[in-house]
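Let's take a walk through this model together, looking at its charged side-chain pairs and then at one of its sheets. Keep the structure open as you read.

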Amino acid sequence: MLNGLTGFSDAQTPDTRQDLTGLFTEKPQSGEVTMGENITFVAKVNAESLLKKPTVKWFKGKWMDLASKSGKHLQLKETYDRNTKVYTFEMQIIEAKANFAGAYRCEVASRNKFDSCNFDLTVHGEWPYYRKTSTDGNEDSGELDFSALLRKRAVQASSDPDVDVWKILSGAPASEYEKIAFQHGITDLRGMLKRLKKMKKEEKKSEAFLKKLDPAYQVTKGQKIKLAVEVANEDVEVKWLKNGQEIQPTGRYIFESVGNMRYLTINNCSLADDAAYCCIVGEEKCTTELFVKEPPVTIVKNLEDQMVMKGERVELECEVSEEGANVKWEKDGVELTRDESFKYRFKKDGCKHVLIINDASKEDCGHYKVKTNGGESMAELLVQGECRIADLTVKAKDQAVFKCEVSDENVKGTWYKNGVEVKADARINITHIGRIHKLTIDEVKPEDEGDYTFVPDGYAFNLSAKLNFLDPPKIHLDCMGRTSESTIIVVAGNKLRLDVPITGDPAPTVIWTKGEKVITEGDGRVHVETTKGHCIFTIEGAERQDEGIYSVVVRNPAGEDTADINVKVVDVPDPPQTPTIVSVGEDSCVVTWEPPLFDGGQPIIGYVLERKKIKSYRWMRLNFDPYPRTTYEARRMIEGVAYEMRVYAVNSIGMSRHSPASKSFVPVAPTSEPIGLCVDDVSDTSITLKWRRPEKIGAAELEGYGVEYCKEGSKCWSRPPASDEWIPAIDGLTDRTSMIVKNLTTGDKLQFRVRAYNMAGPSAPATLAQPVTIREIMQRPKIWLPRILRQTLIKKVGDTVNIVIPFQGKPRPKVTWSKDGEPLSPQFASVRNSEVDTILFIRKTERKHSGQYDLQVQIENVEDTAKVMLQIVDLPGPPEALKIVDIWGFNVALEWKPPKDNGNCEIVGYNIQKADKKTMEWYTVYEQYRRTNCVVSDLIMGNEYVFRVFSINLVGFSTEPCQTKDSVYIQKTGIVYKPPSYKEHDFSEAPKFTHPLMNRSVIAGYNATLSCSVRGIPKPKVTWYKNKMDITHEAKYRMLSKQGVLTLEIRKPCPFDGGVYMCKAVNDSGEDIVECKLEVRRKYPAWHTVGPVVVIFYSRLMNIHSNQINILSVFCLLLANLLSMHA
């Protein structure tokens, strides 16, 4: 299929894109979208008449399948409505880009049916760089390049908007492409080359055509189509070809020339006009394809219902819209054919189609349907034979009427009951009106039940019917109602079978229901069955949801009866809730749990508990008799071992499944009390306490410490102390062995204690020997200078300096920093002080930060001081006055002076390097050289050298070297070597094909390739021709070249693509060509290949001579050719 299908009609220019088979109920429409917004295309297909689920494909351009491009910017969806039997297919484009614009196509297929629809997408807005893969220069065609959606690749021409990079690239040689791309920030070289190639292609325009033919046209059979092309020269003559053959003007083919426009009009299009058309102007041509579709055949006149007598002739007639159309006849959904007895005959008369049935019988009754590819019609046929009587079922005192219709109103007859003639009386009335014979019985009694027969006079057959007397139904069941005495109890998992006796004539129908749900007969777990005199209700493996009220209704024409049965299903209880460990001891724990949500319909007797070690798989039962309560103390456990607990519930039916296991727990005892509790510091509002870990921790981890205090005079000072008077110092626990208790009242006398906590709870408290009075204690100031700061601190320029110096003193001392006797400025360095230390911070050091820093800590008249030496070092400057002192043999003596700037630290050496003046590659001669003069030896005669020196200090090499102003040439003596001259060899070679093209025969619709190989120096230029016409720029072909192997790929060839293909290779030394023939065959069975194989196999089986095999093979080939020509 091709996009851009257009055409012309008689009066106007309609869209010729029509349904091929009418599968679409809603087609995707062309749309417009702004760049960055979303758009959705919808297609709907009615699947009511389809035998298989339809498959849909979405295409961009000619053949790009979008199914593989689903992702961030493209989503394909499919839904199905079971009520309307309509499939909805959606293609959603998200955040549209400019390169999404173009022609799209939607194709739907189901078995032998196919349909397609074309639509366009227009994207508004500008986008600087996008690519279309169109090769025919048509703006509306081409493939959507989704590669940009899969990899984010920004191709920016330049940061300067005034520079047109593509203009620069188009005028530059190929050798400069990489340099220009690097200068302007283009990283995708492959994408850049593709775009340049496309730009060069777009510059080449057709000289003969201003507007070429559209890629394809489509027209309905019987209509006309106009193909239009615009030429550059209005006086030029054009030729029109059909499948390569020139078209001569006739009544059907009309040529028109209006200015620069040239038209080809095809009237009354037929299927033979479905072909490839070509317009030739001089050496140029443009091609298109014309698709002719048949209109659907509709039914103009529908079939009519008929009723005939047995043995008569039946003719079912309909009329269709087109003569000679094929129709299909069906009877009750089964296709009718001409059988051996010629039961059915099919007749065609122009647009009329007739189905003839000779000698109609009862078997011919039914629904007859005629079908076309555009519609269908159905009618019902009824065949009546001799008269018949229907059986009657009546209640007491009702009226019974037997009615018989005969074919002739003159036919008389007699009524019989059980072989005895029926006589008319006050209750029985016998009438004969026309062809109708009636026997009427008023106020029917039980004795009227029997077989009634009507015997026509003069005929050797009779008609019989039965009169049935109705008896109301009755249910005979003792356990009816909803009381506890009438409840049927069944244990879950057991089978429940209720055999309910019932009576009634005729046999009543039985309906079992539970609530509003009807229980049907079948093989399910809950099912019912009805036998004579009984209805049986069965539950296989009763479950909890089977519990409830079941209703049984018996009904016949005489009445109905109802009964309710209450079924209760009892079961083991649900498992209890997850148990919770309340507390643990050294070898015990207390566990509690919640009762189960459902007791199984019986009271809970008790519970059974189990425990296991975490690392074990064996559960051990703790009690064998049901435990009645929901709290249990488990003993005899090992301290330090992790356990789990679970619980079972027990009722009279049995034991439940186990509950979920509890959280793991460890039986542990509390730790011993903390040791060494003492006061570390006291202020006016706080106190600092310290202690050590308990000596005995136990098996459980230590969770933390709790600190408490109480005031003097409270109950905690009594013996024994009252626990409710202790005040927690903090909320929760602390894991440290020290604490500062703040916000205390000055002068209070407090007692403190500390307890250790683990899983088992708090330990015994550790208490201070005596109470503490909250009051500040005087302490002399003291600086604790770190050892590393007692010597000079060396830092590089740009490093960060963070000096932390702790001190002590109470109350809080005053801290002062100075540098070289001057107060320290906040802009020069940052200082942060706390109660226990001071920090000197320099974010980025410079040379000026070097010097002595003095720290003073003072409380009133008492002070303490310390000093810190800071040295900021940098790279040294280059050495000075490097000169060449002497030259002898292979040696050079150098001398220089130390650098003026040593980087604020000692020069530790010099790095001497030499370089050959030809290559200027530097090589190190001496590293870490201490002196300011040296001798460079082992120089090479005939080379010219220069030298340079770097200075080195603690930081590193100087940024710039000191280089000698003059070079040194090492003299050499000897004979000058003159190399011989040789004539340059000519390696050029004319092109030559080392492997020719081979003749090929391929099947239409499958990709084909032609291959050959060529050699030549320089690399020859290769051109492909079809029928001596250049096909280099044809989109249908793809040319590949790799290591001298040339390949021509033909995408889905058709018979029109057959012909002579030529490959031509040209370079400066000459040229060479090679040809082959390509035959494109239509899709039909390959009889000519199957025949010889069968012959060879049969000959080997029968031991036939080889000469006889050749004769048989030739015969099979001739037979296959005849069959293919016939097909």
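Predicted model: local features only at pLDDT ≥ 70, side-chain atom pairs only at ≥ 80, totals over all residues.

Glutamate 322 and lysine 221 form a salt bridge (a side-chain nitrogen of Lys or Arg within 4 Å of a carboxyl oxygen of Asp or Glu), with their closest N and O atoms 3.8 Å apart. Glutamate 322 sits in the loop between strand E21 (314–320) and strand E22 (328–331), and lysine 221 in the loop between strand E11 (216–220) and strand E12 (225–231), so the pair ties together parts 101 residues apart in sequence. Strands here are DSSP runs (E, at least two residues), numbered from the N terminus.

Residues are numbered from 1 along each chain as its sequence is written, and side-chain values use heavy atoms, leaving out hydrogens and water.

The salt-bridge count comes to 38. One of them joins glutamate 26 and lysine 44 at 3.7 Å, N to O. Here glutamate 26 belongs to strand E1 (residues 24–26) and lysine 44 to strand E3 (residues 39–46), 18 residues apart. Arginine 555 and glutamate 560 also meet in a salt bridge, at 2.6 Å, N to O.

Now for the sheet. Three strands form an open, antiparallel sheet in the order E48-E47-E50, where pairing requires at least two DSSP bridges between two strands. Its edge strands are E48 (620–621) and E50 (643–651).

Key:
Helix = DSSP H or I, 4+ residues; strand = E, 2+ residues; numbered from the N terminus.
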